[in-house]
Amino acid sequence: MYLTEKHICLVDDDQDENALFLNALKKVDAGTRLTYFSCCRDLLEFLEYSDNLPGVIVLDIYMPKEDGLACLAKIKASKKTSPIPVIIYSSTHSEKAKEDALGLGAADFFVKPIDIDDMQIMIKKALSVCSDISTRLKS
């Protein structure tokens with residue numbers, strides 16, 4: 001099992017947000033692979049059976065069936081997936097949600113940006129986190 005530095009998994013049930021994310025990613029780094037999941041269950045299944053894990057997961061909190069914080073807890077509880085940095089990406093401005101996410105092991109917490117420039121800043125941060133963990137794992 002290894003982390004693929006230039007691979008982001010985006011978990012968000014909002015297709016408009018996914019399109020904005022993809023457009024911003026193309027402007028930041030067109031060579032980064034992006035895999036979408038509309039629910040946590042699909043992400044967890046992918047992670048369970050994949051040998052090429054993403055370098056970072058960008059995870060929404062509010063989704064149907066299972067929220068992002070429960071998904072984050074499962075990711076961090078697994079020996080296989082716990083090294084993957086997870087960035088929470090949510091519409092909530094709640095300090096409690098941010099504290100909960102960081103307490104569960106999130107690498108960072110972003111309030112969903114409303115424009116492509118803010119999205120590019122978040123993606124650069126995600127790729128930086130991704131690169132940092134890959135460097136540590138190789139050491």
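## Aromatic pairs

In this predicted model, the count of aromatic pairs comes to two. To see one of them, select Phe21 and Tyr89, whose rings form an edge-to-face pair, with 6.3 Å from centre to centre and 70 degrees between the planes. Phe21 belongs to helix 1, whereas Tyr89 sits in strand 4 (residues 86-90), so this pair ties together parts that are 68 residues apart in sequence. Are these two residues buried or exposed? Phe21 is buried, with a relative accessible area of 0%, and Tyr89 likewise counts as buried, at 0% relative accessibility.

Next, select Phe37 and Phe46, where the ring centres are 5.3 Å apart and the planes stand at 45 degrees, so that this pair is tilted. Phe37 counts as buried at 10% relative accessibility, while Phe46, with a relative accessible area of 21%, is partly exposed.

## Helix 1

Now select residues 15-28, which make up helix 1: its 14 residues reach 20 Å from the first C-alpha to the last, close to the 20 Å expected at 1.5 Å a residue. Within this helix, colour Glu17, Asn18, Leu20, Phe21, Ala24 and Leu25, which are buried. If you turn the view to look down the axis of helix 1, these buried residues fall within an arc of 160 degrees, so they line one face of the helix. As background, an α-helix has 3.6 residues a turn, so residues three or four places apart point the same way. On the other side of helix 1, select Gln15, Asp16, Lys26 and Lys27, which are exposed.

## Cysteines

For the last stop, select the cysteines Cys9, Cys39 and Cys40. How many disulfides does the structure hold? The structure holds zero disulfides. A disulfide is a covalent bond between the sulfur atoms of two cysteines, and the cut-off applied here is a pair of cysteine sulfur atoms within 2.5 Å. For Cys39, the closest cysteine sulfur is that of Cys40, at 7.1 Å, which is too far for a bond. Cys39 counts as buried at 9% relative accessibility, and Cys9 is buried as well, with a relative accessible area of 0%.

Key
Residues numbered from 1 in each chain as written. Predicted model: local features only at pLDDT ≥ 70, side-chain atom pairs only at ≥ 80, totals over all residues. Heavy atoms only, no water. Buried < 20%, exposed > 50% of the residue type's maximum accessible area, 1.4 Å probe, protein only. Helix = DSSP H or I, 4+ residues; strand = E, 2+ residues; numbered from the N terminus. Expected span 1.5 Å × (residues − 1). Arc of directions from axis to C-beta. Phe/Tyr/Trp six-rings, centres within 6.5 Å; stacked < 30°, edge-to-face > 60°.
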